[in-house]
Amino acid sequence: MSLTQDGLAPGRDRTALIEESILPTRANQRPIGMLGYAWIWVGIAVIIATYSLGATGIQGGFSLGAVALTILVANLAIGALMLLTADIGTEHGLPFAVYLRAPFGLHGTHLPAVSRGIVAAMWFGIQTYLGALALNGIGEYFLGFSNWFLWYALFAAVQVANTMLGIKSVERLASLAAPAIIAISAWMYFTLEGVAETKGLNIWTFRAEGQASLFVLFIANMSFWSTMAIDIPNLTRFVKTRTGTRGFLQRNKAIFLAQLVALPVTQAMIAGIGAVSFIATGNWNPVEVIQGDAQGIALLVLLILVVLAQWSTNNSANLIPAALTFINLAPRVINYRMAVVIAGVVGTLCFPWQILDNLFVFLGYYGAFLSAIGGIMVADYYVIRRRRVNVPALFDPDGQYRYARGFNPAGLIAWLLAGAVAAWWSAFAFVIGFPLGFLLYLVLMRAMVLPRHWQAELAGGPDDFLAASVGMDWVHLGGGRFARTPCGTGGAEGREDL
């Protein structure tokens, strides 16, 4: 007999800490396979600002090969870090904002989580604006109609509606969009290479006169993904997981293709196209370059690429993370669909067309504080708790994560100090913020919290607070009560985010 048949349908009751879409996902509530997850990351990696990263390297005096290799290696490094935080989703099925209740406290979670949620909403606005410009270009050419804000509103509404349908709908879009993005990107590359050849330029031997540092380019690319490095559990909690195996590699096998192949290869490819565009025309934005000369089907294909790229990125990298942080803020009143709408509205009210004019300043400062969160998460999950998380206490207003009236001073102080130092040297934000947040959190936890904060994880047996790796699911029974049951018990009914 299932839990639902017993009258204890999971997630039906809502409290100040519980709403069904932020409850742990069980093994049979994870529909995304290895290839589907990789397609999602192909779409996420196609961000128009990536073109600028490639051009920056060329302007610095480096060859196309050196630039592409640097960006590839940088993304391999950030992909490896993503694997660390991803295990929070694959092992326990927890979203980012809920897990932050462990290092920051039941109420303290809102400060870092909402900061990430607002940034995600801003990125939604930026990506939607770029897609709206492409749609407006199609409208101008084929219909003689121009009104970018109307296209913005329509495009935003379609994306919000698509994301409201849940993670399965997001995966289906990605499986259609990603192959098209790869094909159109290849077409863009050969088109731009042809432009360079007509000017007598060899894209592989071209060198500008700049004297920049490949290390700075490397760090900038890592900071670029600091957002996804910390909240990747929002996605991995829906990826099929091999349960009952303690090996990290086996348990996370389905996400390796995405983090270590799809992300670095796609990012290097897109940055390379921006580099080639700069070599051929002096303009890093290949969309503007080709749009200036393209007509008919070629123009339509190009602009479809832009729309697909923004759409596939927004669903998984921006709307879902933003929505989950807003739900975590007020689970009693905000459900999944409402939160997706709120994310769309917040992203628009941030006036993304203004942020775009100062994009890399924006990236540097928010990357500093978000990278510090990443260091704190890794320290808390692997060093303090050794992957053993008292998940029921994350939803218990009087549980061990209450700390001092719901705030963990060690986590908050470590975050603010590490983030501030990283922001001071924003060009190196990620390599400062991540390790500094890691170290400060460990020192402060041991000095301020652990001596007087009893941890159930440390008192229990070696398997008491593990989940997928020992073949168990965290299941909400209703009324704030949880149990660990063998994987496969119960279904996915009732969840809005599936």
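**Close-ups of a predicted model**

**View 1. Leu 303 and what it touches.** Leaving aside neighbours within four places in sequence, Leu 303 is in contact with Ala 134, Gly 137, Ile 138 and Gln 291. Keep in mind that this is a predicted model. Leu 303 belongs to helix α15, residues 296–329. Is Leu 303 buried or exposed? Its relative accessibility is 0%, so Leu 303 counts as buried.

**View 2. An edge-to-face pair, Phe 104 with Trp 415.** Searching the whole structure turns up 15 aromatic pairs. In one of them, Phe 104 and Trp 415 have ring centres 6.3 Å apart. Their planes sit at 80 degrees, and anything over 60 counts as edge-to-face, so that's the label this pair gets. Where do the two residues lie? Phe 104 is in helix α5 (residues 101–104) and Trp 415 in helix α20 (residues 409–424), so the pair ties together parts 311 residues apart in sequence. Both Phe 104 and Trp 415 are buried.

**View 3. A stacked pair, Phe 395 with Phe 482.** Here the rings are 5.0 Å centre to centre, with 25 degrees between the planes, and the pair is stacked. Phe 395 comes from the loop between α19 (391–394) and α20, while Phe 482 is in strand β2 (residues 481–486), so this pair bridges parts 87 residues apart in sequence. Phe 395 is buried, and Phe 482 is too.

**View 4. A ring cluster, and a charge over a ring.** Tyr 129, Trp 148, Phe 149 and Tyr 152 are linked by ring pairs into a cluster. A separate panel shows Arg 484 and Trp 474. What sits over the ring of Trp 474? The charged end of Arg 484 does, 6.0 Å from the ring centre.

**View 5. A nonpolar patch on the surface.** Six names to find in this one: Tyr 141, Phe 142, Leu 143, Phe 145, Leu 150 and Leu 154 make up the patch, and together they have about 590 Å² of accessible area. Two or more residues each come from α6 (110–143) and α7 (148–164). Which element gives the most to the patch? That's α6, with 3 residues. Tyr 141 has its place in helix α6. Its relative accessible area is 42%, so Tyr 141 is partly exposed.

Note on methods
Residues numbered from 1 in each chain as written. Predicted model: local features only at pLDDT ≥ 70, side-chain atom pairs only at ≥ 80, totals over all residues. Heavy atoms only, no water. Phe/Tyr/Trp six-rings, centres within 6.5 Å; stacked < 30°, edge-to-face > 60°. Helix = DSSP H or I, 4+ residues; strand = E, 2+ residues; numbered from the N terminus. Buried < 20%, exposed > 50% of the residue type's maximum accessible area, 1.4 Å probe, protein only. Lys NZ or Arg CZ within 6 Å of the ring centre and 35° of its normal. Patch = residues over 30% accessible without salt bridge, like charges linked within 9 Å, V, L, I, M, F, W, Y side chains within 5 Å. Areas by Shrake-Rupley, 256 points an atom, 1.4 Å probe, with all protein chains shown as cover. Salt bridge = Lys/Arg side-chain N within 4 Å of Asp/Glu carboxyl O. Contact = heavy atoms within 4.5 Å.
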